[in-house]
Amino acid sequence: MRPWKIPPPFVMAELQRHPEFRVPTSELDVAGKDYDFPVRASWVRGLLEGNEATPAGDDGRLEVRLSKSGSDVVVYGRLRFELTAPCARCLEPSRIPVDEKLSLLMVPASRNKAPDAEEYEFTPEEADVVPFDGDNVILDDVVRDELVLQIPMIPLCSEDCPGMSAPGVSGASPTEDTKESLDPRLLPLLRFKNLKKE
């Protein structure tokens, strides 16, 4: 099972009402302009509500350069953030560093609408084309998609993680040191388990 899912509708509605990464197109020209946004951990926490992945702690950065090309906007930049999710083997926190380059073309939404189709299939040329309302470039969905795509299906704290069977990890098999702390009523079961191994 994936450690992420689509945020609840009320979360999405709130994100759309108060965009985190908004640039008015009136500020842009052909030469381009640099923007440096903080990616707040609290914003990402709300975005990933109900998912196993959460922010690792500190805020991240979204550094982008936006330039106009006719009515379109060209976006280049980089997203840096750090997430954490439970390791699929031992359930300890596993760190997920996100350091992604962004390169996309944003076109006015009126130019990008499909003609009355319930399901619109994008052509390869449209893969990195994102619509915007014409007055404001909002990068919230781009940031969300990049973060979600970086969450592995099976997060691991390390490739050689021994999992739950390691001594000292919750759910591990008891060793000689831990036998003393066992409930004496369970010792016959432990002996039976050891007999089966032999």
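**Reading the calls in a predicted model**

Modeller: In this predicted model, confidence in the protein chain is lowest in helix 1 (residues 9-17), with a mean of 52, and highest in strand 2 (residues 33-39), at 94. The score is pLDDT, the predictor's confidence in each residue, from 0 to 100. Helices (H or I, at least four residues) and strands (E, at least two) are DSSP runs, numbered from the N terminus. Residues are numbered from 1 along each chain as its sequence is written, and side-chain values use heavy atoms, without hydrogens and water. Local features need pLDDT of at least 70 and side-chain atom pairs 80 or more, while totals for chains, interfaces and linings use all residues.

Biologist: What is the mean pLDDT of the protein chain?

Modeller: The mean is 78, and 71% of the residues reach 70 or more. Where pLDDT is low, the predicted coordinates should not be read in detail.

Biologist: How do you know that strand 5 and strand 6 pair?

Modeller: Two strands pair if DSSP finds at least two bridges between them. Strand 5 (residues 72-86) and strand 6 (residues 93-108) are joined by 14 bridges and run antiparallel, so they pair. Leu79, for one, has Glu100 in strand 6 as its bridge partner. The two strands form a hairpin with 6 residues between them, and Leu91 in the turn has a positive phi of about 70°.

Biologist: What makes strand 6 and strand 7 a pair?

Modeller: Between strand 6 and strand 7 (residues 129-132) there are 4 bridges, and these strands run parallel. Met106 has Val130 in strand 7 as its bridge partner.

Biologist: Why is Cys90 called buried?

Modeller: Buried means under 20% relative accessible area, exposed over 50%, and partly exposed in between (1.4 Å probe, protein chains only). Cys90 has a relative accessible area of 8%, so Cys90 is buried. Cys161 also counts as buried, at 8% relative accessibility.

Biologist: Which residues have the most contacts inside the largest nonpolar core?

Modeller: A nonpolar core is a set of buried Ala, Val, Leu, Ile, Met, Phe, Trp, Tyr and Cys residues joined through side-chain atoms within 4.5 Å. The largest has 34 residues, and Leu62, Val64, Leu66 and Leu139 have the most contacts inside it. Strand 5 gives the most to this core, with 6 residues.
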